[in-house]
Amino acid sequence: MPTIAVRDDVTAYLASPRKLLIDGQLVDAADGRTFETIDPATAKPLATVAQAGIQDVHLAVQAARRAFDEGSAWDRFTPRMRARLLWKMGDLLEEHADEFAQLESLDNGKPVGSAKDGDVATAAELFRYFAGWATKMEGTTIPMSSEIRQFHAYTRREPVGVVAGIVPWNFPLVMACFKVIPALTAGNTVVLKPAEQTPLTALRLGELFLEAGLPAGVLNVVPGFGDAGAALSSHQDVDKVAFTGSTEVGKKIVAAAGGNLKKVSLELGGKAPNIVFADADLEKAIVGSAHAAFFNQGQCCVNGSRLYVHRDVYDEVVAGVSEIAKKIRVGNGFDPETEMGPLISDEQYTKVVGYLTGGAAEGATASAGGSAVDRDGYFVQPTVFTDVSEEMAIQTDEIFGPVVTAIPFDSTDEVVRAANNTRYGLAAGLWSRDLGNAHKVGARLRAGTVWLNTWHADDVTLPRGGYKESGWGRELGSFGLDDYTELKTVIAEL
C-alpha cells in the first residue's frame, strides 16, 4: 500500500530550524542551544528546535506580563473581539488541517488520519466552543441583609493574569489548546511549554495565532526540557500553572508553585478500571474494551488498562479482546492501513518493554502480544496479560503503552473494591445491560469520568479531571473557565 506523501509545506517547515515565539517574534534561544525532535516511526531526527532555558522563560513571562497589563492592546480587546479571534482560529486550523495532521503524525507517531479527524478536528471545535463563552462570563447580583444601611453587592469574573501551560506529548495539539484557549477566552496571557518530544504543532499554532491577529506577547511558546518547566512553575510573575502530565511531575509543580502561591490545575496519571458484567452485550463490550485499552498506542491517561471481567464470561471476553489485539495493524502513521503507530520515544519504548518483560517474569501470561515489534522505530505489540495479581507492577503502575491486564471477579462489591484500589482516579467504566445497576456501580467508582457501555466518548462541553492523585480542577465545558478566572466581590453603600 503506498504511503501518504509528505506535503511540501510540511517538508519546508521541517527543513528550517524552528525558533521560540516570544513577544510576537520568532527568536533563537538566548544561549543558542537547540535540540532535535525525533520521528518515532524511524528513530531518526525530524527537525531542529530552539531550546528554551531559564533566561528565555523569563523573557517570555515578561512579555506575557506586559501584554496583560492595563492599557495594553490585549487589555483593550473586548469579549466580542476575543470571540471573533477564537472563531477565526478555528477556521484557520481547519484550512491547515492536513498540514497540522502530518506534523502531528511525524512528531508523535500517531496515524495521519487519526491526527486529522481526531486531534485537529477537536482543536478546531474547542476554538468555536470557547468563542461562545467569551461574551458570557457573567457575575451575580447578591442581596445583602443589613437592617441599618443599604448596599449593592455583586461579583465579577476577572482573568487570573499570566498563565503557564505545560503540556504532554500524547496529544500535543489538543493538550496545548486545552490550556491556551480557555486562558485566552477569559482574557489571560500565556506562556506555553510543549513537551520536548513534540514541539512542532505548538509552534505552528503560535504562528497561526499571529496570523489571526493576536497581539504580541499574549501567547508565547517556549519548547524546552525540565529546566524550562521548573522555571515557569516557580516564576514569581506567573499567576497560574496549568499542567497535564505525570503525577510525579505534578507534585514537583505544586511544590515549585508555593513561592507566590500561584494557582495550579493538574490533570495527571491514571490506571482506569474497565468492568465487564456477565449480563453485558459481550460483542459491544469486547470491541469497546479493546478500544479502551489500545487507543492512541495506549498512550492515553484515561485508557481502560485494568480489565475486570465476571468469571462467567471471562474466557470469552479475554479471547475476544486478545483476537482484536492480534489483528491491529502496527506501522508508520503515513501508511493508510496503519491502526497503531509507534510509542513516542526510545525512553518510553524501553519503559514499556520493561513492563512486558517484568510482567512475564512475575508470572503473567500474554494471551496476545507481549514483546516489541522487530523493525525500526519504537513499536510494541498490543498486549493482553492474564494470570495477573493485584500486586504486580503491570497492575498497579501506569504503563502508558498498549498493555491491558485481565482479572476475573465474582461479585459487585469485590470488583468495586478492586477498581478503587489505586492512587489514581481519572477514569473508569463498565458494561452491563442492567442500566439501573450500571448507574449504581458507576456512582461507586472513584473517578472523574465514568463511562457506561462505552469508552472514550467525549465532547468539548464536558468537564475533565480526576480524583485522588489524578489531579486538581477540571478542564473544558463551562467548568473549564473557572480555573482561569478570579472571582471578585464588589460592595457599594447606597
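Buried means under 20% relative accessible area, exposed means over 50%, and partly exposed lies in between, with a 1.4 Å probe and protein chains only. By that scale Lys19 is partly exposed, because its relative accessibility is 34%. Lys19 also forms a salt bridge with Asp28, and the closest N and O atoms are 4.0 Å apart. A salt bridge here is a side-chain nitrogen of Lys or Arg within 4 Å of a carboxyl oxygen of Asp or Glu.

This is a predicted model, in which local features need pLDDT of at least 70, side-chain atom pairs count only at pLDDT 80 or more, and totals for chains, interfaces and linings use all residues. Residues are numbered from 1 along each chain as its sequence is written, and side-chain values use heavy atoms, with hydrogens and water left out.

Start with the overall layout. UniProt, in an unreviewed entry, lists residues 29-490 as "domain: Aldehyde dehydrogenase". UniProt positions are given in the numbering used here, feature names are shortened, and annotations may be inferred rather than shown by experiment. The span 29-490 is 39% helix and 19% strand, and its end C-alpha atoms lie 44 Å apart. Helices (H or I, at least four residues) and strands (E, at least two) are DSSP runs, numbered from the N terminus.

On the domain 1 side, 25 residues are in contact with 25 residues of domain 2. Contact means heavy atoms within 4.5 Å. The size of an interface is often given as the accessible area lost when the parts come together. Between domain 1 and domain 2, about 2,000 Å² is buried, and carbon and sulfur atoms give 60% of it. Buried area is the accessible area (1.4 Å probe) that two parts lose on being put together, summed over both.

What links the domains by charge? The count between domain 1 and domain 2 is one salt bridge. Arg423 and Glu248 form a salt bridge, with their closest N and O atoms 2.7 Å apart. Six residue pairs, both at pLDDT 80 or more, are in polar contact between domain 1 and domain 2. A polar contact is a pair of N or O atoms within 3.5 Å; within protein, one must be able to donate a hydrogen and the other to accept it, and residues adjacent in sequence count only if both atoms are side-chain atoms. On the side of domain 1 that touches domain 2, α4 (97-108) and α9 (247-256) each supply at least two residues. The largest share of that side, five residues, comes from α4.

Widen the view to charged pairs across the chain. The whole structure holds 30 salt bridges. One of them joins Glu469 and Lys251, with the closest N and O atoms 3.0 Å apart. Glu469 sits in the loop between β18 (449-452) and β19 (471-472) and Lys251 in helix α9, so this pair ties together parts 218 residues apart in sequence. Glu469 is partly exposed, at 27% relative accessible area. Lys251 is partly exposed too, at 48%. Salt bridges that share partners also join Arg18, Glu99, Arg204 and Glu207 into one network. Elsewhere, Glu196 and Lys193 meet in a salt bridge (3.8 Å, N to O). Glu196 is partly exposed at 23%, whereas Lys193 is buried at 5%.

Glu267 is in strand β11 (residues 263-267). Its relative accessible area is 3%, so Glu267 counts as buried. Beyond residues up to four places away in sequence, Glu267 touches Phe243, Thr244, Gly245, Cys301, Leu426, Arg464, Ser470 and Glu475.

Finish with two loop residues. Thr198 lies in the loop between β8 (189-193) and α7 (200-212). Thr198 is buried, because its relative accessibility is 1%. Leaving aside neighbours within four places in sequence, the contacts of Thr198 include Asp107, Asn108 and Ile344. Gly333 belongs to the loop between α11 (314-327) and α12 (346-361). Gly333 is buried as well, at 4% relative accessibility. With neighbours within four places in sequence set aside, Gly333 is in contact with Ser105, Gly109, Lys110, Pro111 and Val112.
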